[in-house]
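Visitor: I'm new here, so please show me what we're looking at.

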Amino acid sequence: MTNDPLNNKACKLVFLAMLMLNIYCSPAADPADEISSVVVTPVEVTTTQIAPLSEYIELTAVSSYPRKSYIKAGINGYVQSVNASVGQHVSSGMLLFRLITKEARAIGNGINDLDPSLKFSGISSLRADQTGFVTVVNHQTGDYVQDGEPMAVITNQSSLIFLLDLPYELNGMIQMNKRVKITLPDGLQINGTIGNTLPSVDSLAQTKRLIIIVDGNAVIPEGLVAKVQLVKNFKPAAQTLPKSTVLANETEDKFWVMKLINDSTAIKIPVIKGISYGQRVEVISPIFNKNDRIIVVGNYGIPDTARVKIVKGFKP
């Protein structure tokens, strides 16, 4: 079969003619199809709230019982009985030790047999003079003790305090924090009042020690580390938004929110942040209208003048 150049050229001309005819007859793009290709993001919106807002700093404090009672022997003699043990909770007036003089131990009740009117026993009873916990027991039954010798130590339960080491640069915060809340490691919260401060500063840490007096008679072990929140800043009427409304760049030096200008378009509004606490953050500027709708869910990653659809939130 021979290859005819004329036939090849004719075939090419026919192909080009059919291609041009197909392009000419093709329908124009429908503008509705272009609109439908625009991404519409479902969002939830909220509005600003004017409310008091506080900023806190969290420090640690250690429990302590500064008042302790020392039970001492009142005679020279032997320990006849012991009713105290370390960790035991005792009440005021409870019998802890019974002592007997060496003379009474030697002769027993022989003197009373000779003269009952003497009522001689040689027994000395030592009782707790306050309610608290026994932290030290120095002697056991049969020990010989001398007059004035320490027998036990009782920690006064009502003397519970917390010691807080406050950085000196935060010294001005004391006036705003006369009443504080103490959070224990198990989540229990107790209230306290900042009392006296020790007239000295740690030379290395540059901290001053505050004494927090605890309300009530909580039973807490000594040396327990707890958390104390102190108010660092307070705004009585701050313009606030949920934290999730405020977006930031990678270096977190620029912030913005996405505000709706109509029911389907959101624009980027730069903002200046203030204090924050919990799930709320203060927006210092701009001042929004109470009906301005700010995206709270669905705002991450959308561009300026983004098309959106409100699925939940405030609708005027």
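Guide: Buried means under 20% relative accessible area, exposed means over 50%, and partly exposed falls in between (1.4 Å probe, protein chains only). This is a predicted model, where local features need pLDDT of at least 70, side-chain atom pairs count only at pLDDT 80 or more, and totals for chains, interfaces and linings use all residues. Residues are numbered from 1 along each chain as its sequence is written, and side-chain values use heavy atoms, with hydrogens and water left out.

Visitor: Is lysine 68 buried, exposed or partly exposed?
Guide: The relative accessible area of lysine 68 is 32%. That lies between the 20% and 50% cut-offs, so lysine 68 counts as partly exposed.

Visitor: Which residue meets lysine 68 in a salt bridge?
Guide: A salt bridge needs a side-chain nitrogen of Lys or Arg within 4 Å of a carboxyl oxygen of Asp or Glu. Here the N to O distance is 3.5 Å, and the partner of lysine 68 is glutamate 222.

Visitor: How many residues apart in sequence are those two?
Guide: Strands here are DSSP runs (E, at least two residues), numbered from the N terminus. Lysine 68 sits in strand β3 (residues 68-72), while glutamate 222 is in the loop between β14 (207-214) and β15. So their pairing ties together parts of the chain whose separation in sequence is 154 residues.

Visitor: Aspartate 263 forms a salt bridge with which residue?
Guide: Aspartate 263 itself is exposed, at 54% relative accessible area. The closest N and O atoms are 2.8 Å apart, and the partner is arginine 293.

How values were computed:
Helix = DSSP H or I, 4+ residues; strand = E, 2+ residues; numbered from the N terminus.
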